[in-house]
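Open the model in your viewer and keep the selection panel handy.

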Amino acid sequence: MERRKLGSQGLSVSAQGLGCMGMSEFYGPADEREAIATIQRALELGVNFLDTADMYGPFTNEELVGRAVKGNRERYVIATKFGNERRPDGSWVGINGKPEYVKKACDASLRRLGVDYIDLYYQHRVDRTVPIEETVGAMAELVAAGKVRFLGLSEAGPQTIRRAHAVHPITALQTEYSLWAREVEEEILPTCRELGIGFVAYSPLGRGFLTGRFRSHEEIPDGDYRRFHPRFQPENLERNLKIVAAVERIAKERGVTPAQVALAWVHHQGQDVFPIPGTKRRRYLEENVAAFDLALTAAELEALSEAAPVGATAGDRYADMSNVGL
């Protein structure tokens, strides 16, 4: 897997990362041994960019990542996040960007990960009650203290990105981006490119939908939060299958999987775009890594873009959209 500069501040990572969230929560049960083996297999395949957050689990995903990288920590680039505050029982407290909380959350993440520093530290969601300058100012102090190497934001809007970047250079913005979530192309991605900020695309497979796995709402298992996701509801799911059909046509013609076509499309959006598909199994990791070498033709890219233009997907990205794009 090729290594590239993520942003313009000096951080180098694999061109594709590994999202670890589903190893602990949201997508049904997981096997911890297989999850750890997946993280370790990623490194063998050249994928060194791991994405986690304190809220995943909650808290247990960072601990799992810490166990998986033990003995090889220096070979991984670990990204984690703060700001979506949860209690140990999983209940939600709210979005917290207060400076004192930033420092407390970082220390807790360092302990759970079992590391001396975090490579990339994101504000998971923007706290509308705290000026972004105050939050990023506290994050900058973590860099000065050697606890964090680079700073990132997640799901921030263009003006917030600019204000944050004026306080301390922002290395990466993480936001959902895939064939069924293309809104970032209008303002957010251009802003990142203007400022030299790398773009990390989470859910590049549309939370698994673009793989063709789900044909009906009834197929989503109990305990999987997609049962409640707007885009997976029956009236929206049926419409969104048209996007999947376009992906599947190309996959069949090329003798690859739909997941590989959907991921390859994201890679074709620019060398400053770094998809982080999540999985908890080695076989899907290997399938996803192979997508990096899939070169789509201009005609294939055009067909995919025509099947899934900006705004074509039925349903919102979240049930509550009030905390994204701030």
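Select C106 to begin: this cysteine is buried, with a relative accessible area of 0% (buried means under 20% relative accessible area, exposed over 50%, partly exposed in between, with a 1.4 Å probe and protein chains only). A disulfide here is a pair of cysteine sulfur atoms within 2.5 Å, and the count comes to zero.

A note on what you are viewing: this is a predicted model, where local features need pLDDT of at least 70 and side-chain atom pairs count only at pLDDT 80 or more, while totals for chains, interfaces and linings use all residues. Residues are numbered from 1 along each chain as its sequence is written, and side-chain values use heavy atoms, leaving out hydrogens and water.

Next, colour the strands. Eight of them form an open parallel sheet, ordered β3-β4-β5-β8-β9-β10-β11-β12 (strands are DSSP E runs of at least two residues, helices H or I runs of at least four, numbered from the N terminus; two strands pair if DSSP finds at least two bridges between them). The edges are β3 (18-19) and β12, each pairing on one side only.

Zoom in on β8 (residues 118-123) and β9 (residues 148-154), a parallel pair with five bridges. Here L120 stands opposite F150 in β9.

Finish at helix α8, residues 258-267: 10 of its 10 residues are buried, among them W265 and H267. Which elements do they pack against? Show β11 (198-202), α7 (234-254), β12 (273-275), α9 (282-290) and α10 (298-307), with contact meaning heavy atoms within 4.5 Å.
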